[in-house]
Amino acid sequence: KRLIYTSSMSVYGHGIQPGKIFDEKKECIDTFYKEFNVWFYIRNRVFYDILNKDNGQEVICKNQKISNIDKIKFIVLSLMHKIQKKNKDIIFFSSNVVNMKNNDKYENRLYDFFYNQKKNDSVIIEDSYNFIYRRPRTEKVYYSGYISLLYKMHRIFNKSNMEDYSQISFIVDKLRNIFSDHFDDNYWCALKQDVYFGFLFFDFAKDYYYKLFKKIKPKIVFREDASYGNYQYLAIVCEKLNIKFAEFQHGYVGMDHIAYNYGRGFFDIKELRKLLPSYYLTFGEYWQEQIIHPARKVVVGFPFLNKKCKKISEKKIILIISDGDSPQQNKLLIDFVKDYAEQKNLSIVLKLHPVEASKLNEWYGDLLNQKFVEIKIFEPVYDYLAMAKYVIGSGSTVMYEAYAFEVTPFIYESKRFLSNSVAIKLFNTFSSQNELLNLMDGKISLKTIDADYFFSKSWKTNYLDFINMIL
């Protein structure tokens with residue numbers, strides 16, 4: 001069984017205070033068991049689920065169905081493409097989600113550009129997405145599924161240690177007392193099981209990667225989502241072997257993103273601090289000003305965006321960007337511009353977040369056959385940014401990326417956006433249909449900003465300066 005938590009991307013509307021407060025509580029941060037910190041493992045999930053519960057969304061665990069064919073393909077590919085390299089200075093660990101189709105092959109929008117700057121010294125190890133590898137790839141990659149298969153075999157031939165479960169259960173029960181008002185017994189029972197299995201994998205992976213890194217001898221390891229608490233084993237192994245541990249920004253980060261804002265506990269307590277990456281590489285200067293994170297922040301850039309920026313003289317669409325969990329807001333924004341689009345002979349495109357694919361019929365069934373709006377999910381968003389005359393949304397990174405396409409975005413003042421006081425000063429915002437239409441018609445003076453503040457164009461120089469310092 002694979003447990004899936006339905007949760008939003010960040011704790012919008014709650015700001016950084018919840019994380020900071022609990023990161024300074026002894027009963028939260030003093031939750032170590034054999035180098036594994038339970039609080040770090042669950043903090044993001046708990047806050048996400050509190051927010052979802054407040055918004056009336058589902059927070060229980062679900063069993064995800066995987067077809068037998070996908071399982072077989074996963075096993076075969078994981079065995080065929082297991083990591084075997086030696087003496088590589090740079091390892092990129094990546095999810096499969098960031099692979100985007102480029103002609104007939106998939107390109108990793110985060111890592112391929114940086115990988116190619118030191119290709120002979122680098123290696124990419126990719127996870128599957130729902131047990132599926134997006135391939136063929138533009139670059140030679142290895143798959144992390146091999147360790148999952150080894151772990152399954154390990155679990156078959158090794159009995160569970162009830163002392164481990166007892167200790168994990170005790171720690172989760174302590175944390176449950178802090179959040180007792182938010183969830184029922186079923187939630188905590190499921191969470192306890194997930195933490196226990198998370199610890200078992202942590203314990204196994206720690207030994208596996210210690211041996212692997214001794215063989216490969218990397219000087220730096222990059223791990224996507226390293227600040228989420230799921231990759232504590234990599235941080236510990238890197239610290240033991242004196243390997244730098246780093247993370248690239250992969251999307252939106254800000255004061256409302258719990259994974260990138262920490263209280264004093266993660267700054268002052270060495271055992272906690274070492275579970276986080278030592279370096280956090282951002283798209284631009286703006287992002288490193290928005291987070292409270294122990295890592296050293298380094299501006300690098302986002303070369304995939306630089307490559308995709310193209311100019312189209314005739315812009316004929318109104319692009320509405322979904323945040324991933326706000327169907328009613330999306331429908332409201334469509335209503336705001338529906339008549340305007342018809343008057344101006346413009347098309348409306350609603351670009352959904354990939355996580356909304358499973359909710360398409362439930363959330364947007366009433367729009368699917370409507371002529372006044374096109375709904376897109378997996379199509380490249382940059383293609384639509386290039387064609388957009390107007391971009392409208394709230395909390396997505398695409399609002400920032402619009403500047404790179406020389407389109408001024410209009411931001412709806414949702415609760416999630418209003419939690420970011422810095423962004424309020426930068427962006428052109430609206431709270432009503434009338435305000436939005438005035439912005440679109442140029443009746444209100446527009447704020448402008450240099451896209452380089454969000455996405456540095458000097459990505460190649462920035463990266464090489466950083467990596468040469470490490471090597």
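## Stop 1

Select helix α21 (residues 459-470), which lies across β5, β10, β11, β12 (279-282) and β13 and runs at about 135 degrees to β10. Helices (H or I, at least four residues) and strands (E, at least two) are DSSP runs, numbered from the N terminus. Axes are lines fitted to C-alpha atoms, for helices over the stretch in contact (heavy atoms within 4.5 Å); angles run from 0 to 180 degrees between N-to-C directions.

This is a predicted model, in which local features need pLDDT of at least 70 and side-chain atom pairs count only at pLDDT 80 or more, while totals for chains, interfaces and linings use all residues. Residues are numbered from 1 along each chain as its sequence is written, and side-chain values use heavy atoms, with hydrogens and water left out.

Next, display the open sheet of seven strands, whose order is β9-β8-β5-β10-β11-β12-β13, with parallel pairing. Two strands pair if DSSP finds at least two bridges between them. At the edges stand β9 (142-143) and β13 (296-299); each has a single partner strand, so one side of each is left without a neighbour in the sheet.

Now select β5 (residues 90-94) and β10 (residues 220-223), two parallel strands joined by four bridges. Which residue in β10 is the bridge partner of Ile90? The partner is Ile220.

## Stop 2: the six-stranded sheet

Move to the open sheet of six strands, ordered β16-β15-β14-β17-β18-β19 with parallel pairing. Its edges are β16 (374-376) and β19 (428-430), each with a single partner strand, so one side of each has no neighbour in the sheet. On average, neighbouring strands of this sheet are turned by 25 degrees against each other, direction ignored.

Within this sheet, select β14 (residues 317-321) and β17 (residues 388-393), which pair in the parallel sense over four bridges. Ile317 stands opposite Ala388 in β17.

- Helix α14 (residues 327-343) lies across β14, β15 (347-351), β17, β18 (409-412) and β19, at about 170 degrees to β14.
- Helix α20 (residues 433-440) lies across β14, β17, β18 and β19, at about 145 degrees to β19.

## Stop 3: a pair of helices

Select α4 (residues 68-80) and α6 (residues 145-157), which pack at an angle of about 110 degrees with their axes 8 Å apart. That angle makes α4 roughly perpendicular to α6 (65 to 115 degrees). The contact is made by Phe74, Ile75, Ser78 and Leu79 of α4 together with Gly145, Tyr146, Ser148 and Leu149 of α6. These residues divide into five nonpolar, three polar and no charged. Here Ala, Val, Leu, Ile, Met, Phe, Trp, Tyr, Cys and Pro count as nonpolar, Asp, Glu, Lys and Arg as charged, and the others, Gly among them, as polar.

## Stop 4: backbone details

Most residues other than glycine have a negative phi, and most peptide bonds are trans. Lys34, in the loop between β2 (32-33) and β3 (36-37), has a positive phi of about 50 degrees although it is not a glycine. Finally, select Pro136 in the loop between β8 (122-126) and β9: the peptide bond from Arg135 to Pro136 is cis, with omega near 5 degrees.

Key
Parallel < 35°, antiparallel > 145°, perpendicular 65-115°, else oblique.
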